[in-house]
Amino acid sequence: MTRGRSSHPSAPDTARTFPTRQPEDPPLVFGNVPPRDPNFTGRDELLDQLTERLSSGATAVLHGLGGIGKTQMATEYIYRHLRDYDLVWWIDAAHTTQIRAGLTELAGLLGLQGASEANIAVPAVIEALRTGRPFRRWLLVFDAAESPETVLPFFPRNGPGEIMITSRNSGWTGVARRLEPAVLNRDDRSVEEPKTRKPAARQIPHTCAFFSPEPISRDLLTGVSRSSNLAWRFRGLFAPRSESPGKHHFGKPSRAGLSGRPREKAAMAAVGGSRHHLIMVADVAGFGEPSRTGPDQRAVREGLYDVMKTAFAATETAWEDCHRGDRGDGILVLVPSGVDKAAFIQAVLPMLVTRLRVHNDTCAKEQQIHLRVALHAGEVGYDPHGFTSSSLTLAFRLCDAPPLKEALAMSPGVLAVIASESLFGEVVRHTPGAAPATWRQVPVKVKEIDTTGWVTLPDHPYVGHP
Ligand SMILES: Nc1ncnc2c1ncn2[C@@H]1O[C@H](COP(=O)(O)OP(=O)(O)O)[C@@H](O)[C@H]1O
Ligand SMILES: [Mg+2]
């Protein structure tokens, strides 16, 4: 192990002084790290390799497809190694502007001169890290890095600390060796033999085969068991384990808003105007059925939010960055304008199936969820009270379309999806990963709307047209 020895400022050229840290204390500076996932499971070998690589001074890249578990692994690593670092700083690295904002925020927390201006703060903070002042034992995480070129300029080169990267890009040769969270290809023989006998896990290969040439994470496929939950064993080792989602700063003032993902949400509500969104309406079938008691309904709502949130996480579209409207038995979600619609749709539908099935397998019948989802894209207007548009109205009507309800009622599956005529024509039809041949055109006559839409059953697909 070649970690730095001192946890004290060796040459305090920052305006801020830091308290002496006891060995059991969490890092003195800790920012923007996602909350620990209580359902984290497995990955022991890879976490060991990661530890080895970082402690030897090498930069580590977690590489793999979206949703495979890179961010989760990086997060879990941090919570298992809080004692090893005085500073842990998480940077959303998809865009250079985010990297610069993250480093500027760090400069502010370190009290560096000129910290309020990115042009001065960014080089200053890189230099402070490189020279190990005030901390030698630091860890920087560049999450969702596009490419080496976008993050390399921000590395405190040859500094005493450690750098971890997560990326879907495979081109890191010469920068760092890659660690690959395990994936399961659809033609991997073990797809047919999930470790668990749960019907949910058995259904998943079917869904994968339907949707994608893409591999799917082994952990998702073989079922996530709460009893084997490693995070649980580590629970309580470190006191400040906040239950609330979002940013965590230990012992430091929070500067939420200065860094992190662009908060399109807050910005749009403030300025008004309108924007083009992918609109998603999800509605629980039979929510109000008399067999569901009040506690059942609450469990269904909680399950629905959990399903949506975790499915979104796997698409790399942050749930927190979406406008959301609660509808009692459903949710309206506006996916941020910049998101690739085709990539999102082909990723989110199988993930919804997976998550719904896991939910349904672990709760009473009255709390199970069969979901209708409507997808449309269009302009949405904002005002201080919320948002509205004819596109939203169409999405709601699609979700209430009788052919969609019938399709779900007749299906042994858990999910029925309808796309608007325009979204199907412009996006789904051209997205092989969304299996366009398995969508069927249906009439949509609801209230003032008289149109057509396209229905698919992701976990019980119609036979595709050739
Ligand atoms: N080791 C794991 N244990 C349990 N769930 C996991 C694990 N890894 C990933 N997941 C699930 O998969 C989702 C996507 O993982 P994430 O780390 O965000 O993927 P990536 O960063 O590779 O796109 C997570 O939100 C989580 O629900
Ligand atoms: Mg990620």
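**Loops, a ligand shell and helix pairs**

Visitor: Where is the place of Asn32?

Guide: Asn32 is found in the loop between strand E1 (29–31) and H1, where helices (H or I, at least four residues) and strands (E, at least two) are DSSP runs, numbered from the N terminus. This is a predicted model, in which local features need pLDDT of at least 70 and side-chain atom pairs count only at pLDDT 80 or more, while totals for chains, interfaces and linings use all residues. Residues are numbered from 1 along each chain as its sequence is written, and chains are lettered from A and ligands numbered from 1 in the order in which they are written.

Visitor: And what is the phi of Asn32?

Guide: Although Asn32 is not a glycine, its phi is positive, at about 65°.

Visitor: What about the peptide bond from Arg133 to Pro134, cis or trans?

Guide: The bond from Arg133 to Pro134 is cis, and its omega is near 5°. Pro134 belongs to the loop that runs between H4 and strand E4 (138–145).

Visitor: Switching to ligand 1, which residues come nearest?

Guide: Gly69, Lys70, Thr71, Gln72 and Ala313 come nearest, out of 22 residues around ligand 1; a residue counts as near if its C-beta atom, placed from the backbone, lies within 6 Å of the molecule. By class, the shell has 6 nonpolar, 12 polar and 4 charged residues, with Ala, Val, Leu, Ile, Met, Phe, Trp, Tyr, Cys and Pro counted as nonpolar, Asp, Glu, Lys and Arg as charged, and the others, Gly among them, as polar.

Visitor: Why does ligand 1 lie between domain 1 and domain 2?

Guide: Ligand 1 lies between them because its shell takes residues from domain 1 (29–181 + 229–234) and also from domain 2 (269–456), the bounds coming from an automatic or database domain assignment.

Visitor: How do H10 and H11 cross?

Guide: The axes of H10 and helix H11 (residues 341–361) come within 8 Å and cross at roughly 140°, which makes H10 oblique to H11. Axes are lines fitted to C-alpha atoms, for helices over the stretch in contact, with angles from 0 to 180 degrees between N-to-C directions; under 35 degrees counts as roughly parallel, over 145 as roughly antiparallel, 65 to 115 as roughly perpendicular and the rest as oblique. The contact of H10 with H11 has 10 nonpolar, 4 polar and 2 charged residues.

Visitor: What about H3 and H4?

Guide: Helix H3 (residues 96–110) packs against helix H4 (residues 118–130) at about 70°, the axes being 8 Å apart, so H3 is roughly perpendicular to H4. Their contact (C-beta atoms, placed from the backbone, within 7 Å) includes Leu103 and Leu106 of H3 and Ala121 and Val125 of H4, and it divides into 10 nonpolar, 1 polar and 1 charged.

Visitor: And H1 with H2, at what angle?

Guide: Helix H1 (residues 44–55) meets H2 at an angle of about 65°, with axes 11 Å apart, and the two are therefore roughly perpendicular to each other. Leu46, Leu47 and Leu50 of H1 make the contact with Met73, Glu76 and Tyr77 of H2.

Note on methods. Contact = placed C-beta atoms within 7 Å.
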